[in-house]
Each structure stands twice: as structure tokens, then as C-alpha cells.
Amino acid sequence: MPAQVGHVKSHTDGKGREVRTAGCKCQGVKFEILRSGDLASEGKWDAHHCFCSDCRLSLGHLLPSFVSVDDDHITWLEKGTLKTYDSNLEKGTQRLFCSKCGASVGKRLASGSKLDVNLGMIELDGESEEGGNGEGLAGVLKEWTVWNGPRFLEETKIGRLGDEILMGMKRDGF
Ligand SMILES: [Zn+2]
Ligand SMILES: [Zn+2]
């Protein structure tokens, strides 16, 4: 048996509910995400890739990935360095970032009461040498997220690459 290092790092809050911790490198921004109460989705949150140029340029990735969590399922533990700015392309969208370490935390759409959390903010334990479906990043993705279609795919100029990535994820069971 591999050591416990690979196990997905979720824990329970004061009320015995399953939560995960997320935050930036300097820990100036830190929060807990509570499991979704949606039984139809087995307690998972919706995740998506956003191919809009605002996400690409503000994050500097070709493939920005978010998990959309209801505001009332987020508990802020630290936000002394949290700042926001208005996004251009997605009208009314506010982007959240850490003003100390520069981490991009997520975005909040004008329309809703959800925070789109950058997936990379979620704390991980890493995977054991053997790897495993329930471990590390794959564990977060499989146990906590349901993947929806990408946003703004038509706007991107990476069309075929986007298709390939999505097909690859589907093949791996996401
Ligand atoms: Zn920070
Ligand atoms: Zn976007």
C-alpha cells in the first residue's frame, strides 16, 4: 500500500461537513469550499474551461480552468491581500487576485451568486508514486467536479487544440 500522502486533502468543518481548503501561495487569500448539497450532481461543483481572451491574458494560460461554487458555500479564512478589478470581455465580471503574491483567485460573474474559483487554488496533497484516480489533481477533478462544455470556445483561435484537450478529458472519464 502506498503511504497516505496521495490521499485527497478534504477535511470536515466544525459542523462535520466536508470541505476543501483553497488559497494563494502567500496565504494572504485563503478560503474553504463546502461540498455542494446538490444530490443530482453527487455533491460535485460545475467546472469549465474558459477560452475567452480576458481569462487567457489575465492568467497567462491557454487553458484556464474554473470550478463554480455558490458564494454561500465559501468561507473566507484570510482575505487581507484580496483585490478585484473589472473584466472587459465578460461584462460585469469581477476578477479576484492576491495583491501580494499576484495569484489569480477567480472571477465573479455579474449575473450570479457564484465564484468561479481557479482550479489551481485548491490545495493538493500530490499523488503517490503509483498514482491513482482518487489522488492529487485527478482526485479533485473526479471527486469534486462535473465538467461542462467550455465557454467562449468559438472566440479562441486555438480551435483544434481546444477540441483535442476536451476529447482527451472525455477519454479519461471527465
Ligand atoms: Zn497571495
Ligand atoms: Zn473567460
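**View 1. The open seven-stranded sheet of the predicted model.** In this predicted model, seven strands form an open sheet in the order β7-β8-β9-β10-β5-β4-β11, with mixed pairing. Strands here are DSSP runs of E with at least two residues, numbered from the N terminus, and two of them pair if DSSP finds at least two bridges between them. The edges are β7 (82-86) and β11 (145-147), each of which pairs on one side only. Neighbouring strands of the sheet are turned against each other by 30° on average, direction ignored; the axes are lines fitted to C-alpha atoms, and angles run from 0 to 180 degrees between N-to-C directions.

Residues are numbered from 1 along each chain as its sequence is written, and chains are lettered from A and ligands numbered from 1 in the order in which they are written. Because the model is predicted, local features need pLDDT of at least 70 and side-chain atom pairs count only at pLDDT 80 or more, whereas totals for chains, interfaces and linings use all residues.

**View 2. The pairing of β7 with β8.** Edge strand β7 runs antiparallel to β8 (residues 94-98), with five bridges between the two. Leu-82 has Cys-98 of β8 as its bridge partner.

**View 3. The β2-β3 hairpin.** Strands β2 (residues 18-23) and β3 (residues 29-34) are antiparallel and joined by five bridges. Ala-22 is bridged to Phe-31 of β3. Five residues lie between the two strands of this hairpin, and in the turn Gln-27 has a positive phi of about 70°.

**View 4. The pairing of β3 with β6.** Strand β3 also pairs with β6 (residues 74-79), in the antiparallel sense and over five bridges. Here Glu-32 has Thr-75 of β6 as its bridge partner.

Notes: Helix = DSSP H or I, 4+ residues; strand = E, 2+ residues; numbered from the N terminus.
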